[in-house]
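Hello,

Here is the structure I promised to pass on to you. Have a look at it first, and then read my notes below.

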Amino acid sequence: MHRYSRRIRLFLAVTFFSALAVTAAAAQEPGADASWKSFKPDVFGERPIEAASPLVRLTAPKRAEDAAMVPISVEIVLPEGDPRTISKLTLIVDENPAPLAATFTFGGNRRDVALGTRLRVNSYSYVRAIAETSDGGLHMAESYVKASGGCSAPAMKDEEAQLKNLGQLKLKSVKADALGDASKASRVSQLQLMIRHPNYSGLQMDPLTRAYIPAKFVDNIRVTQGDELVFSMQGGISLSEDPAIRVSYDPAGKEIHVDAGDTDGRKFEGALKPAS
């Protein structure tokens, strides 16, 4: 009788975990990318996109610890002898109310790029990184992230504190030998930029009035080294509070300058002088 009961428990356990595996797999069935198929023409028109491209690597957590601050990193590397350069990177969160998170444009003849930032993820969703090369080709990597409520999560700081520090910039350069990442795109130095801003999505509720806080977010950033563009960004509500971006670059011994702005027309700027 004891052996029979043990078999029953084993059978039930196997059935339970098999059901969980089927449920998890179903969440990533072809139907899970229906949103992407519906709005892809609005972003890229009818241009073909190479899926699972060997040129692009996207790293994101399978299950986010904080849906309002999901860390992602992207590496784009062109093979030796490839005459193309990397011109743009677009980040998309399929199931967010505004799926287009940000588009980055790179200056110079970039053959490899490493970029990291933090996104809001509102529900179980594919996160996509689409790189554009100088010949107009589009190359995509995707990762399925389990998270919910990222766009409606309340701000981490109260509004008074947010407004007091609004637009403060933190900018620093990290040398290649301090990064500790052996991947090709990360062997060069990185710029690390953070802008103090609540990046209100329009879906967050004021805890006192119970009214929705109007959308207000950083929507443009331009970073230059001397007269040369390092990167520019057009962003939306899917970027996290206090937007943070790190990007690989080639130091040229010139001043780094940041110009940024938000949807209320506020302008923010900062600079990093070269080490003497």
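Helices here are DSSP runs of H or I with at least four residues, strands are runs of E with at least two, and both are numbered from the N terminus. Please keep in mind that this is a predicted model, in which local features need pLDDT of at least 70 and side-chain atom pairs count only at pLDDT 80 or more, while totals for chains, interfaces and linings use all residues. Residues are numbered from 1 along each chain as its sequence is written, and side-chain values use heavy atoms, with hydrogens and water left out.

Back to α2, which spans residues 34-44: its buried residues are W36, F39, K40 and F44. (Buried is under 20% relative accessible area, exposed is over 50%, and partly exposed is in between, with a 1.4 Å probe and protein chains only.) Seen down the helix axis, these buried residues fall within an arc of 140°, so they line one face of α2; the arc is taken from the directions from the helix axis to the C-beta atoms. S38 and D42, on the other side of α2, are exposed. The cover over the buried residues includes β1 (49-50), β4 (86-93), β7 (125-133) and β8 (138-145), where contact means heavy atoms within 4.5 Å.

Now to the salt bridges. Taking a side-chain nitrogen of Lys or Arg within 4 Å of a carboxyl oxygen of Asp or Glu as the rule, the count comes to 12.

One joins D135 and R84, at 3.7 Å from N to O. D135 is in the loop between β7 and β8 and R84 in the loop between β3 (70-77) and β4, so the pair ties together parts 51 residues apart in sequence.

Another pairs R196 with D242, at 3.2 Å from N to O. R196 sits in the loop between β10 (189-195) and β11 (218-225), and D242 in the loop between β12 (228-235) and β13 (244-249), so this pair links parts 46 residues apart in sequence. R196 is partly exposed at 22% relative accessible area, whereas D242 is buried at 4%.

Then there is K216 with D264, whose closest N and O atoms are 3.9 Å apart. K216 is buried at 15% relative accessibility, and D264 is partly exposed at 46%. Through salt bridges that share partners, K216, D262, D264 and R266 form one network.

Enjoy exploring!
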